[in-house]
Amino acid sequence: AAGATELPAAFGAMPPSHAVCIVGAGPAGLQLAHFLRRGRDKFSDYAIFERKSFAGSFFAKFPVHRTLISLNKRHARSRNMEFRMRHDWNSLLGSEHAGVLPVTERTHELYPHADVLAEYLRDFAEADQGDRIEYNTEVQLISSIPSSLGGGFELRLTKGDARVDRRRCRRVVVASGLPVPHIPPAIVGAELLLGYEELAPSGRAFENRSVIVWGFGNAAHETARELQKYTQAITLLHRM
């Protein structure tokens with residue numbers, strides 16, 4: 001969402017309305033929608049707005065080096081479904097109800113390639129939420145509706161064909177993830193750094209170089225693991 005404001009007293013014709021509007025068709029948005037659909041209450045009236053032309057678009061690019069760090073343990077000692085679920089960190093709850101194979105049945109890899117998860121999310125979205133997701137739809141503005149006009153929120157949307165649309169929602173759930181890279185402030189020479197999101201899947205461009213990776217989280221270790229195939233040396237810098 002680009003921003004939030006309050007509507008003027010008069011705003012024209014009443015647009016279509018929903019009990020819940022979900023911004024983003026990634027894992028969080030799909031999981032919430034899965035349970036809303038099966039809730040059989042007032043919240044079962046919902047819509048999902050996805051900016052891209054397919055669900056789970058984040059995983060089409062990230063993680064950059066394409067190996068997940070989320071566990072895909074296919075076999076466990078217990079037959080208890082909840083216990084087994086705790087060893088599958090990628091599949092959404094309810095894959096069996098959606099009629100979709102979980103990630104554990106799509107690959108033998110303990111840490112799968114990200115494309116496997118991306119394909120799974122697209123399949124889950126199509127099977128479970130195909131009639132509720134509006135693709136190529138970007139939420140430009142979320143406006144608060146005064147209680148004197150019924151309360152709730154109004155969304156201004158832009159479609160892929162440049163049409164502008166509006167929706168009213170009693171509740172809005174933003175499940176779009178991080179929209180921009182995080183760049184810590186006050187770093188001298190920040191403009192000289194190469195961002196994680198700018199890296200290629202392969203570290204071949206760093207052949208025979210010495211590299212400093214600024215950070216010590218998941219992305220930093222993922223990058224170091226890929227680049228060490230090609231570099232002279234890698235140093236990870238982090239704050240204590």
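User: In this predicted model, which residues does Tyr120 touch, not counting those up to four places away in sequence?

Analyst: Leaving aside residues up to four places away in sequence, Tyr120 touches Asn90, Ser91, Leu92, Ser95, Val100, Leu101, Pro102, Val103 and Arg106. Tyr120 is also one of the members of the largest nonpolar core that touch the most other members, a group that includes Ile22, Leu30, Tyr46, Ile48, Leu117 and Leu121 as well.

User: What makes up this core of 26 residues, and which elements give two or more residues to it?

Analyst: A nonpolar core is a set of buried residues such as Leu, Ile and Tyr, joined through side-chain atoms within 4.5 Å. In the largest one, with its 26 residues, two or more residues come from each of S2, H1, S3 and H4, and the largest share, eight residues, is that of H4. Apart from this core lies another, of nine residues, including Cys21, Phe49, Val139 and Leu157.

User: Which residues of helix H1 are called buried, and what covers them?

Analyst: The name applies to residues under 20% relative accessible area, and in H1, residues 27–37, these are Gly29, Leu30, Gln31, Ala33, His34 and Leu36. Their cover includes strands S2 (17–23), S3 (46–49) and S4 (133–134), together with helices H3 (95–98) and H4 (114–129).

User: Why does Ile212 count as exposed?

Analyst: The cut-off for exposed is over 50% relative accessible area; Ile212 has 58% relative accessibility, and therefore counts as exposed.

Notes. Residues numbered from 1 in each chain as written. Predicted model: local features only at pLDDT ≥ 70, side-chain atom pairs only at ≥ 80, totals over all residues. Heavy atoms only, no water. Buried < 20%, exposed > 50% of the residue type's maximum accessible area, 1.4 Å probe, protein only. Helix = DSSP H or I, 4+ residues; strand = E, 2+ residues; numbered from the N terminus. Contact = heavy atoms within 4.5 Å.
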